[in-house]
Amino acid sequence: MSDASPPAPITLVLPDGQAIERVRLYEREQLDTGLWMYRIGVPLWQTAAGGGVEPAEYSTWVTAAQLRPLPGVDLGHVPAHPRTRTSTPTRWAWLLDGRTHGRPATVHAEGCSSATDRAHPLGTMQALDVLARPGTIACTVCDAAEALLPILAHGQNDMPAPGD
């Protein structure tokens, strides 16, 4: 929690179109690619030690496409961390972490804090090829998921169904 500002309520739109109103918006940060990411907290329940349930919060980063403002809520006090680099990287660089301890293979952006020392470098086309295989995921801590998954999905809805 990088700022003492209180979180702002906002609506989270889930992949299936359902909306969860009044999740907590803590901050926003601009990635080197120029994309803004938003750190939210979703209030949930978790199993308590010794049985029962207790309140908990699931925290994650999402893009603006997953959020909708609530009418009358001012988001102006939400801390913003704009990109500080003056130049964009000349190329994308990716890392592949292999499967370990039941975890799927994961593609990370170079420099991702979640990548292990076992990760090896990939070019963009190699990263896309690996992500197209079942059992491989793109990291959501860095910008791998945000940058690569839309490329993989591009044109998928335009493809004719088998037999058409």
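T11 has contacts (heavy atoms within 4.5 Å) with A19, I20, E21, R22, Q66, L67, R68 and L70, leaving aside residues up to four places away in sequence. T11 lies in strand β1, residues 8-13, and counts as buried because its relative accessibility is 8%, where buried means under 20% relative accessible area with a 1.4 Å probe and protein chains only.

The model is predicted, so local features need pLDDT of at least 70 and side-chain atom pairs count only at pLDDT 80 or more, while totals for chains, interfaces and linings use all residues. Residues are numbered from 1 along each chain as its sequence is written, and side-chain values use heavy atoms, with hydrogens and water left out.

**Fold**
- The protein has two helices and 10 strands, taken as DSSP runs (helices H or I, at least four residues; strands E, at least two) numbered from the N terminus.
- Their order along the sequence is β-β-β-β-β-β-β-β-β-α-β-α.
- Among contacts with a separation of 6 or more, 51% join residues 24 or more positions apart.

**Surface and burial**
- Buried residues make up 30% of the 164 in the protein.

**Nonpolar cores**
- A nonpolar core is a set of buried Ala, Val, Leu, Ile, Met, Phe, Trp, Tyr and Cys residues joined through side-chain atoms within 4.5 Å.
- The largest has 18 residues, of which W94, V107 and L148 touch the most other members.
- At least two residues of this core come from each of β7 (94-97), β8 (105-109), α1 (124-131) and α2 (144-153).
- A second, separate core has 11 residues, including A8, I10, V62 and L67.

Technical notes
Buried means under 20% relative accessible area, exposed over 50%, partly exposed in between (1.4 Å probe, protein chains only).
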